[in-house]
Amino acid sequence: MALPSYTSVPERIWHYLFIAICAAVFLFLVFPLLVIIPLSFNAVPFFTFTKEMLAFDLSGYSLRWYEDFFTNPNWQGAVRNSFVIAIFATLLSTFFGTLAALGLSRNHMPYRTLITSLLISPMIVPLIISAAGMFFFYSRLGLLGSHIGVILAHAALGTPFVVITVTATLVGFDNSLICAASSLGATPTQIFCKIIVPLITPGVISGALLAFITSFDEVVVVLFVGSFRQRTIPWQMFSGIREHISPTILAVATLMILISVILLVALELLRRRTERIRGIKES
Amino acid sequence: MPEQILSAGRMPLKKALAASQRKDKLTAFLMVAPLLAFILITFLMPIVDMLYRSVDNSIVPETLPRTVVAIEEWNPDTTELPSEAVYAALHADIAAASEQRTHTRVGQRLNYENPGISSLFRSAGRKLKTIKAGPYKEAMIAQDKRWGDTDKWRTIQTFSKSFTWGYFVNAFDGRFNNAGGIELRPENERIYMFLMWRTVVMSLTITLMTLLLGFPIAYLLAIVPTRISNLLIILVLLPFWTSLLVRTTSWIALLQQQGVVNDFLVLLGLLSEDGRLVMMYNSTGTMIAMTHILLPFMVLPLYSVMKTISPSYMRAAISLGAHPWRAFWRIYFPNTIPGIGAGGILVFILATGYYITPALVGGNDGVFISNRIAYNISLSLNWGLAAALSVILLALVMVMFIVYDNIVGINNIKVGS
């Protein structure tokens, strides 16, 4: 973005003003996430910086909220529930979603548009509506307040991500690869394992990661379909903020940011790998 | 007759092709079928159940089967009370229902339409047993003079069918009046139209704010070299992947009266200790937090559209004598409209259905229609009304989504970058 030497003064002023505006917006985007990290090391139960913290006095900082998080049975139960629910929901979404994406990408899929819209609908319908509907229907099935209910609900919310990412890796899939393989004597199983699987694996993994984070972050459906026994980390945070606001929430938030960073890096690496496999050059 | 071309299996080629295509179709469908069945049970049937519940009134005819038949004859426009037969029917119905304790549920159902019926039914369940024989009319009115109120009978008659629009009428702040028509509720009971209006207005404001903030950074991302934009986009994706509750929590820490922003302004001397700004637990808080949360949904579609606009368009316009501003407005900006449309509708759809953030930071004047749906489900237990409100919200989202489909196309939904 270096300016050429012939730019006029007003253009220069505008250019720097524009960069300043963008910097301000970027700051707006990340500042709230960054500010939470130091606050979570607060030695006193406040949601703001104390004088000691601002003076970088070590006595102003402590790990007590992390200690609370790792020893409090409420939070530990929430961690366990979050992982159990997210892992099972992810397995379900990934299995059904990948299979469906393979079907949808075949040339002769009937009613493709209609079926795609139905399969993607859990992503589009506002969560409060899905949650209300699931609450009504699962109450008939006796699934309210059960792990199965929450897992099924989360799996439904996660499948669209798997369908979309796996379909995307199959777009422009060269069918002659399959023809070539079978003309060389490969069995359908061999074709699937040696040609299709390597191509879709990055898509499947990123879809699974998206399904995982969908379930891991989801709170509306858990609030309606689940109960205290199904409390997940977001559930615990929600009730924590509503009832007694303790800085342990900030410690949890910091750990959640860490998880998002890890997932983001994983997704980015996968995206690069897909591009490399499929030979797409960055433009 | 020309000789038919035969396939390897000694079949006519046309037939063989049709057969293989049929097989292919079936295979494709069988692969999709498990997910379709799964989504049908876990997601679509709940939505259908919700549609059903928004008009379902079967509890009244099921609990009061004799009454709903007997009361059909009664003319509600008169001041005359229903006949002895209707009273006898209700007596029998409540006697039967109170054994299964279902009379309180039908009372609660009718109470949504006519406050007071719930307590009338509850006391009737206890006391009507003492009336052993007819004529029931005088005895019931003597026991509770509310049985002599035509208003109560009118409600029972209006809601005697298995299906009702009552919840929808309620959701639009209306009610059935004495003449059998629909009228608006008194001013102090109207909340839903206002809440819906507020949901739409606040969602539009949030959409506009995300556009104002998102446009410059999407533009910056589109014009800088890929090396830099790959780094900068992390600043957009990081909040995008961070839990909603984490971001809401950070805004509480920032904006509350003893929070970081207020402390900072007091430290700088811009605010006095008593003059701390109230930015949380009202509509300002909801607006700021939701703009932040939804901003990536605006930036990402905008960026993906802007990336495809060739910089040579602008250069051509400028070299033909257009002022850079004019070139931007007449050439660049119109090209970004698909992105603005896509991002705008996406943000609007997401904003109208938001529940968590308004519930946590909205206070009283920052709540949305979704908060009222939640309230009706878990606190006032009026599930029919909650279903009707959800259906209305769903209809709004569907309309927006059809618009979105026409602008962007459902197959072009992308996740992440």
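A polar contact is defined here as a pair of N or O atoms within 3.5 Å; within protein, one atom must be able to donate a hydrogen and the other to accept it, and residues adjacent in sequence count only if both atoms are side-chain atoms. In the predicted model, local features need pLDDT of at least 70 and side-chain atom pairs count only at pLDDT 80 or more, while totals for chains, interfaces and linings use all residues. Residues are numbered from 1 along each chain as its sequence is written, and side-chain values use heavy atoms, with hydrogens and water left out.

Six residue pairs, both members at pLDDT 80 or more, are in polar contact across the interface of chain A and chain B. Helix 1 (residues 9–39) of chain A supplies the largest share of the side of chain A that touches chain B, namely 16 residues; helices are DSSP runs of H or I with at least four residues, numbered from the N terminus. That side of chain A comprises 68 nonpolar, 13 polar and seven charged residues, where Ala, Val, Leu, Ile, Met, Phe, Trp, Tyr, Cys and Pro count as nonpolar, Asp, Glu, Lys and Arg as charged, and the others, Gly among them, as polar.

Contact (heavy atoms within 4.5 Å) involves 88 residues from chain A and 88 residues from chain B. The buried area, i.e. the accessible area (1.4 Å probe) lost by two parts on being put together and summed over both, is about 8000 Å² between chain A and chain B, with 83% given by carbon and sulfur atoms. Two salt bridges (a side-chain nitrogen of Lys or Arg within 4 Å of a carboxyl oxygen of Asp or Glu) are found across this interface. Arg106(A) forms a salt bridge with Asp24(B), with 2.9 Å between the closest N and O atoms.

How values were computed
Chains are lettered from A and ligands numbered from 1 in the order in which they are written. Helices (H or I, at least four residues) and strands (E, at least two) are DSSP runs, numbered from the N terminus.
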